[in-house]
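My entries follow in the order in which I made them.

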Amino acid sequence: GLCRFRGRTAFGKDGEDWVGLLVESGEGVHNGTVKGKKYFMCADKKGIMVRPRRIVEDLGPADQTVSDAMLKGSREMRALLLQIAVEKEENYRKRVAKEQKKAKKKKLWKSIYDDWLPPEFSDYEEEDHAEVFAPKMLHSPRPAKDKTK
């Protein structure tokens, strides 16, 4: 088949690459549309989506002997597979760096407050403050009026 699409899809997992192939001989599964999203155009039942590791370069008729060069694959196929591998490695490294940064940040936050203790007041002298808690009158009694005046 012919490669008509390569990349991420709505139906695949995050970080998962897919290859859309136009099936030249035989029958495919769809017309380039998967779950309502069009990835490429082809005739009905002539399209198929596969993971890159499932792709094998056409080595010719079955009765033909296969040479080492044929097993190695063409430059284009090797370049495509290398590009996919490099992209996956870059994405993996980014994800690991992000996780390490998140873990480092969490560890930094934790280490700042791990050894914290409440302050101690060694120079504080305890005094008796009983009068503070003694009952008090909220208002003073009115002086009696002098009726002699």
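**Entry 1: F11 and the rings**

I looked up F11 and found it partly exposed, because its relative accessibility is 25% (buried means under 20% relative accessible area, exposed over 50%, partly exposed in between, with a 1.4 Å probe and protein chains only). I note that this is a predicted model, where local features need pLDDT of at least 70 and side-chain atom pairs count only at pLDDT 80 or more, while totals for chains, interfaces and linings use all residues. Residues are numbered from 1 along each chain as its sequence is written, and side-chain values use heavy atoms, with hydrogens and water left out.

I then listed the aromatic pairs and got 3 (rings of Phe, Tyr and Trp, the last by its six-membered ring, pair if their centres lie within 6.5 Å; planes under 30 degrees apart count as stacked, over 60 as edge-to-face and the rest as tilted). F11 and W18 form an edge-to-face pair, because their planes stand at 65°, with the ring centres 5.0 Å apart. Ring pairs join F5, F11, W18 and Y39 into a cluster.

What sits over the ring of W18? I found the charged end of R51 there, 5.6 Å from the ring centre (the criterion is NZ of Lys or CZ of Arg within 6 Å of the centre and within 35 degrees of the ring normal). W18 itself is buried, at a relative accessible area of 15%.

**Entry 2: the sheet**

I counted 2 helices and 5 strands in the protein chain (DSSP runs numbered from the N terminus: helices are H or I of at least four residues, strands E of at least two). From the N terminus the order of elements is β-β-β-β-β-α-α.

I traced an open sheet of 3 strands, ordered β1-β2-β5, with antiparallel pairing (two strands pair if DSSP finds at least two bridges between them). The edges are β1 (2-8) and β5 (47-50), each of which pairs on one side only. From one strand to the next the twist averages 20° (axes are lines fitted to C-alpha atoms, and angles run from 0 to 180 degrees between N-to-C directions).

I checked the bridges next. β1 and β2 run antiparallel and are joined by 6 bridges; L2 has L22 in β2 as its bridge partner. β2 (residues 17-22) and β5 pair in the antiparallel sense over 4 bridges, and V19 has V50 in β5 as its partner.

Is β2 covered or open? I found it mostly covered, with 6 of its 6 residues buried. In a regular strand the side chains alternate between the two faces of the sheet. On one side of β2 D17, V19 and L21 are buried, and on the other W18, G20 and L22 are.

**Entry 3: positive phi**

I searched for positive phi outside glycine. K35 has a phi of about 50° and lies in the loop between β3 (33-34) and β4 (37-38). K35 is exposed, with a relative accessible area of 76%. K45 has a phi near 65° and lies in the loop between β4 and β5. K45 counts as partly exposed, at 39% relative accessibility.

**Entry 4: chain totals**

I recorded that buried residues make up 18% of the 149 residues in the protein chain. The accessible surface comes to about 13700 Å², and 55% of that belongs to carbon and sulfur atoms (Shrake-Rupley method with a 1.4 Å probe).
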